[in-house]
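Let's take a walk through a protein chain together. Keep the picture in view and turn it around as you read.

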Amino acid sequence: MEQNPHFVALAWPHHYTLPFNSNRKTEPYEYPQSAAALLAIWEQSVRASHDFLSEQDIRRLLIVVRDQALPCLEVWVLCDETETPIGFMGLSGNKLEALFIAPARFRQGAGKLMLHHARKLKGRLLVDVNEQNPQAVAFYLANGFAVSHRSPTDAQGRPFALLHLSEPD
């Protein structure tokens, strides 16, 4: 990872940065460019980690992420020192609804950094993870989450089992 990764907060339709590193100044982060960058990270990350999804599934989910998820979530973007997004997370209260890292940045600490930031903001976190994504399941379990229960389908009723994880009190 770069020396000084920092977070950018996105709040649609108003956009602003909130530096993770207090030595950085606040600057605008524009929606059209940021949305394209986040969707590219989402798609690359999903293709690298969700091999149980078909091409059609990915195309349908991309539209949901673009039109429904990102506009409704508190979105935080992790950028490298050149202001290039390398990952993002979406929060709804204390629930981590999304955490996606560019595959080139997998296993370099970006996910842990984002979890740490989310915990600072929200305290004890909840997250749902696809059971068919063993890398994500292992990541969350290694970072203190425990399975509270399992659903045989995802929120849309598709046959993608979800593990509902929480952090201990």
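First, some ground rules. This is a predicted model, in which local features need pLDDT of at least 70 and side-chain atom pairs count only at pLDDT 80 or more, while totals for chains, interfaces and linings use all residues. Residues are numbered from 1 along each chain as its sequence is written, and side-chain values use heavy atoms, with hydrogens and water left out.

Now the overall layout. The chain has four helices and eight strands; here helices (H or I, at least four residues) and strands (E, at least two) are DSSP runs, numbered from the N terminus. Of the 169 residues, 47% are buried, where buried means under 20% relative accessible area, exposed over 50%, and partly exposed in between (1.4 Å probe, protein chains only). Take the contacts (heavy atoms within 4.5 Å) between residues at least 6 apart in sequence: 54% of them join residues at least 24 apart.

Next, the pocket. How much space lies in the largest pocket? About 1,300 Å³, a volume being the space filled by probe spheres set on grid points that are joined across faces, edges and corners. A pocket, on a 1 Å grid over the protein atoms alone, is an open set of points where a 1.4 Å probe fits, with protein on both sides within 12 Å along at least five of seven lines; lining residues have an atom within 4 Å of a point. Here the lining has 44 residues, and His 50, Glu 97, Ala 98, Leu 99 and Phe 100 lie nearest the centre. Elements giving two or more residues to this lining include α1 (31–49), α2 (55–72) and β5 (95–101). The largest share, seven residues, comes from β5.

So much for the pocket; let's look at some strands. Which strand is largely enclosed by the rest of the structure? That's β4 (residues 85–92), because seven of its eight residues are buried. Strand β3 (residues 74–79) pairs with β4 in the antiparallel sense over six bridges; two strands pair if DSSP finds at least two bridges between them. In this pairing, Val 75 stands opposite Gly 90 in β4. The hairpin of β3 and β4 has five residues between the strands, and Glu 83 there takes a positive phi near 70°. Strand β4 also runs antiparallel to β5, again with six bridges, and Phe 88 stands opposite Phe 100 in β5. Two residues lie between the strands in the hairpin of β4 and β5, where Gly 93 has a positive phi near 65°.

Arg 107 isn't a glycine, yet its phi is about 60° and positive. You'll find Arg 107 in the loop between β5 and α3, and Arg 107 counts as exposed because its relative accessibility is 67%.

Compare Asn 133, in the loop between β6 and α4. Is Asn 133 buried or exposed? Asn 133 is buried, with a relative accessible area of 5%. Leaving out residues up to four places away in sequence, Asn 133 touches Ser 49, His 50 and Phe 52.

Last stop: Pro 71, in helix α2. At 36% relative accessibility, Pro 71 counts as partly exposed.
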